[in-house]
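This report describes how chains meet, how one residue is packed, and how two copies are related. The sequence and structure come before the details.

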4 protein chains.
Amino acid sequence: MTTQTMEPRRLGRPRDTSRDAEILQAARDEIAERGYERTTMAAVAARAGAGKATVYRRWTTKAEMVIDAISCTADAALTIDRIPDTGSLVGDLRALRELKHHDEGVWLALAGLVSELPHAPELASAVHERLVRPRVRLVRALLERASLRGELLRDVDLDLLATVPSAMIAYRLLVSGEPLDSDFLVQLSEEVFVPLATGRPARVAEPLGVL
Amino acid sequence: MTTQTMEPRRLGRPRDTSRDAEILQAARDEIAERGYERTTMAAVAARAGAGKATVYRRWTTKAEMVIDAISCTADAALTIDRIPDTGSLVGDLRALRELKHHDEGVWLALAGLVSELPHAPELASAVHERLVRPRVRLVRALLERASLRGELLRDVDLDLLATVPSAMIAYRLLVSGEPLDSDFLVQLSEEVFVPLATGRPARVAEPLGVL
Amino acid sequence: MTTQTMEPRRLGRPRDTSRDAEILQAARDEIAERGYERTTMAAVAARAGAGKATVYRRWTTKAEMVIDAISCTADAALTIDRIPDTGSLVGDLRALRELKHHDEGVWLALAGLVSELPHAPELASAVHERLVRPRVRLVRALLERASLRGELLRDVDLDLLATVPSAMIAYRLLVSGEPLDSDFLVQLSEEVFVPLATGRPARVAEPLGVL
Amino acid sequence: MTTQTMEPRRLGRPRDTSRDAEILQAARDEIAERGYERTTMAAVAARAGAGKATVYRRWTTKAEMVIDAISCTADAALTIDRIPDTGSLVGDLRALRELKHHDEGVWLALAGLVSELPHAPELASAVHERLVRPRVRLVRALLERASLRGELLRDVDLDLLATVPSAMIAYRLLVSGEPLDSDFLVQLSEEVFVPLATGRPARVAEPLGVL
DNA sequence: TGCTAAGCGAGACGGTACGTCGCGTCTTCGG
DNA sequence: CCGAAGACGCGACGTACCGTCTCGCTTAGCA
């Protein structure tokens, strides 16, 4: 047995994989400029200097393409390894805030997909797997780290707790339409998330906003 | 007594107000069946046995119509008056849960509007005023009632806190796609919201539904 | 019984029949400028200030539209009544040449349809009925007029004979690509058609070209 | 012996000239089945078991390929040498009819090219040279042979006359859509062409097919 | 009672995005 | 270097939906 996969040795000209990234970048740019709804497949293709067929060969649907576009970003690969252990949950979160290049774009692009999710299970699972889960998983990892330190309340449900930041951020961007300024992020972290996890009240005396 | 408004005394056939409710019901049905994106003004009109002009005479936009459709429901008018004062925040929330006829429909319809909000300020404020604010306001009223009882932590930000339940519910329905079962609502209330507001950990001794 | 037709009393906004002519004119203009192949439905619609749907509502196919476009012209309605009886076949043809506003456009548009005819029977019969037959019928009527005068040979097949001018004109425009100059038309008439019909040789002594 | 041309001695694998004929045959088959418009280069290549590049290496355009396809047939090489001198024009034409393997296919393929001719001069001249001229030239040669015999009218224009059969055949196949049955060919020859050339009426005593 | 203006169902209108398909070129691989 | 396969840029196709406009009718309220 030569190869472990049964792929039948692709014939013909292979996909130009460099076009993938260029098209996804064009998609991100269009979405950033015009929003999901007003983003056109033709415009994405034109911006990437590609034909529409080249786009549709890769993604059969605008939604699929957008998922790839917004999940293939640097900070999508944000893992617990890149968050230094500062010795406390509140410190770790502060470190996380400094790392994150404010991924508003991801959430705003998600806005356009939300209406499709209930009727497109594959799309929903892709969104979940690529966009939602990584963020929740990272928070959960921080909670587990804090748990090892003994910072957490005994009986708290980590799975539920880990969704709180994503929920609050999504709500602020998608529903109430306010920006993700750092005041909000600090407040979310130190007045909501940490007290909830540790059972200790927020340290209100401390000046808000590291940045 | 003349009319108090300067309306120039409408001539001609008056609008048939009974059509409003029928159209809104048709809109709700279509949205429930097909989702916001796939709902067509023509389909709503046809389902209501009306012409498109009859619909557009009342709402200039699909989004506006949908807002009316989903905000004109019984539990949209839920106010603090209808929540009995049970003597504790956790009890009040339990009463609220019993009152609420699970307004999933409202949130799912909201899903379709989310993508338009960043580009349609009027729509955004309508959504905010009609859908979001009433729910947040109700929660805030419950918090104020609890505050008078002395249940709350001194320095908690009521405005931020009051958005937590809406945020968690929106996230569950719109983003993670899970249903609003009562286990979740109990957990949200008693493991997240109440501890956050009062600073006291969840009453873990009490059975929390199935889990 | 009220009306003789069973038409069910058309509902809704009636077609704006004035758009028909404007679209057909736009189609003729586009075809004249760019040729049949390069004429686009979108371009025709845009030139007519119409939407594509308005065009497709009337003609489901480019070919159908073009047939209408080229058959709804003034000289399409050319009948024997408008050809004065000059007393001889050759004179009648001369009168015909003066009447005809050189319908090259019709034939050139036909060029684009020719490739579809063998596979589209409806199209073929439309082309035949609207474009070909009227021209052949006119010539045949002139032949019959000449026959009453006793100009014709006894045994000539009028049906076949009547197709000769159309065939020669089509061949010149579509196949050999030469223009329909008046020398050719005179020669066709006086060296080919009249001798063929009457059995008398062309009158070569006479100077060619009335015009 | 070196090559007589200055071609720089082609390197590498020589072109497989057997593919030419296979591709042209595939092209003819496709055109016969689907018509020129609906014939696809990809389909021709696939039918020939070839890649599109193999096709385009030989002909830069669908039209060019089709011209080759339809001009590389046996009776395309029909010359005056193969028409026995029967002693009369009408006899020579009868001999020609017996030789010709009814080249309907050529004319039907031409149908698809007609629409391109006005905008593609090279294509037009190729069509003219390869398809039209040989047929006209053959007829003209027969006319010249008849002229030597003294059969023709003195002042007839041979160039114009020689196009009549092609024009009538093209018209019948491309425009009126009727088949090239032998009745028509006989009538064309003996009631139209010969009388026109010789000035003598058709020999009506002889039975003309069915009619 | 009849007039009049606006409401009504129906559907045509100008736009615009969609996803598909064909053309003619280009790029990879194996022979 | 050829040949098979197929990706590429381009752009037309025909469909669907949006929000507006227009048709002929119905229906209230005023005269």
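## The interface of chains C and D

In this predicted model, 39 residues of chain C are in contact with 39 residues of chain D; contact means that the C-beta atoms of two residues, placed from the backbone, lie within 7 Å. On the side of chain C that touches chain D, at least two residues each come from helix H6 (104-114), helix H7 (121-149), helix H8 (158-176) and helix H9 (182-198). H8(C) gives the most, with 11 residues. Helices are DSSP runs of H or I with at least four residues, numbered from the N terminus.

By residue type, this side of chain C divides into 23 nonpolar, 11 polar and 5 charged. Ala, Val, Leu, Ile, Met, Phe, Trp, Tyr, Cys and Pro count as nonpolar, Asp, Glu, Lys and Arg as charged, and the others, Gly among them, as polar.

B:Leu143 lies in helix H7 (residues 121-149) of chain B. B:Leu143 is buried, because 21 other C-beta atoms lie within 10 Å (buried: 20 or more such atoms, placed from the backbone). Not counting residues up to four places away in sequence, B:Leu143 touches B:Leu152, B:Leu158, B:Leu161, B:Ala162 and B:Ala197. B:Val194 is 51 residues from B:Leu143 in sequence and 9.6 Å away in space, C-alpha to C-alpha.

## Conventions

Residues are numbered from 1 along each chain as its sequence is written, and chains are lettered from A in the order in which they are written. Local features in this predicted model need pLDDT of at least 70, side-chain atom pairs count only at pLDDT 80 or more, and totals for chains, interfaces and linings use all residues.

Key
Buried ≥ 20, exposed ≤ 12 C-beta atoms within 10 Å, placed from the backbone.
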